[in-house]
Amino acid sequence: MGEEGTEGMVHLLCLAASSGVPLFCRSSRGGAPARQQLPFSVIGSLNGVHMFGQNLEVQLSSARTEDTTVVWKSFHDSITLIVLSSEEGTSELRLERLLQMVFGAMVLLVGLEELTNIRNIERLKKELRASYRLIDSFLGNSELIGDLTQCVDCVVPPEGSLLQEALSGFAEAVGTAFVSLVVSGRVVAATESWWRLGMPEAVLLLWLVGSLPPQAARDYPVYLPHGSPMVPHRLLTLTLLPGLELCLLCGPRPPLSQLDAQLLERWWQPLLDPLRACLPLGPRALPGGFPLHADILGLLLLHLELKRCLFTVELSGDKEPSPGQRRRLLRSFYTLVTATYFPPEPGQPEKVEEAVHRAQVPRACYLVSGPEEPGIGWRLVALQLGPRRLLLLLSAQSPTHGLRGLATHTLHALTPLL
């Protein structure tokens, strides 16, 4: 299995579907922004072959060359997005979801009306610049995984009930039902209304906050791609501690000035210690001391109905591979099992042939990286039970005959958390 995200180029193109005029091009190499741009002739050819197919009522969705994968996707017959990736092991599923998130980011910051009824190309180009930082974060090597899983990254705080109670009271005091407490792009606690936000905004709002420069407070206009793509809302953020922020989604009220220091102190000063305890949860996701098998190097737990996930590779100390490589291995394994073995996730269209073979769908699978011998390579195992799917990255010492038992035990231990 290739390691998704290893050194390689990714080019993202956005064009006006009717005219083929490029609106922007973003590139990255090895997860870092790159200045290298595609020649205009290549952009024209990629768009031309897609339009040629459309004229013949043929939908061109993807293509592969010896070292590059290309995916096309049109939105509302107005915007065409094209992504080319030469990263080793890149899957079409990953690139398709990347394009969905990119268009969601464009709607989030510009609004659907501007994208579907293009009156002035040059003005739209300028407006879309506001989305570059967010879009570039999808091309980078993030510690989050919500862009791929389309589930909200979460953490499990040690005193979650206290924080949840304070959050609900604070939301009532300021007059908005949509409030969340976020550490390093992951939700610590949220109101019921915030959890009911649809996709992709439930993920996009967290990534947007993470892409902005740190500030004590923000008042940011946003459109909700699923819930309100034409009418903007306000995203308010308030920093409680460095890396720990309150996010509020609201209409014209309350004004940011109403959320003063006295109001924050009244609700959050008594909880300073529980708030501080949330800070190390960013990369780890699980509370310190949570019992996990020593062979586990990383895990991804998804609740496919609630659309939430726990993702961490900050386990087992300094063992190889590096945290970045662990993330790449788990992301790549997720795309493999999601596209190949497990049934479509809730909300995903199901093909007729997939429904016919529903009874034969596996509930567990594993993969050995390198020779299948003790002490060599790594083990990856996936297990699905009801609405939960667990993916584990295990050290080479873990015997293959015990993988399913270890995954089952770990899933039962994690079930009360998500």
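A salt bridge is a side-chain nitrogen of Lys or Arg within 4 Å of a carboxyl oxygen of Asp or Glu. This is a predicted model, where local features need pLDDT of at least 70, side-chain atom pairs count only at pLDDT 80 or more, and totals for chains, interfaces and linings use all residues. Residues are numbered from 1 along each chain as its sequence is written, and side-chain values use heavy atoms, leaving out hydrogens and water.

**Exercise 1.** Find which parts of the chain the salt bridge of Glu-245 and Arg-218 ties together.

*Solution.* 
Step 1: the side chains of Glu-245 and Arg-218 meet at 2.9 Å, N to O, in a salt bridge.
Step 2: Glu-245 lies in strand S12 (residues 244–250) and Arg-218 in strand S10 (residues 217–224), so the pair ties together parts 27 residues apart in sequence.

**Exercise 2.** Decide whether Glu-143 and Arg-186 are buried, partly exposed or exposed.

*Solution.* 
Step 1: recall the cut-offs: buried is under 20% relative accessible area, exposed over 50%, partly exposed in between (1.4 Å probe, protein chains only).
Step 2: Glu-143 has a relative accessible area of 38%, so Glu-143 is partly exposed.
Step 3: Arg-186 has 3% relative accessibility, so Arg-186 counts as buried.
Step 4: these two side chains also meet in a salt bridge (3.7 Å, N to O).

**Exercise 3.** Name the residues that share salt-bridge partners with Arg-123 in one network.

*Solution.* 
Step 1: Arg-123 forms a salt bridge with Glu-114 (3.4 Å, N to O).
Step 2: shared partners join Glu-114, Arg-123 and Glu-127 into one network.

Note on methods. Helix = DSSP H or I, 4+ residues; strand = E, 2+ residues; numbered from the N terminus.
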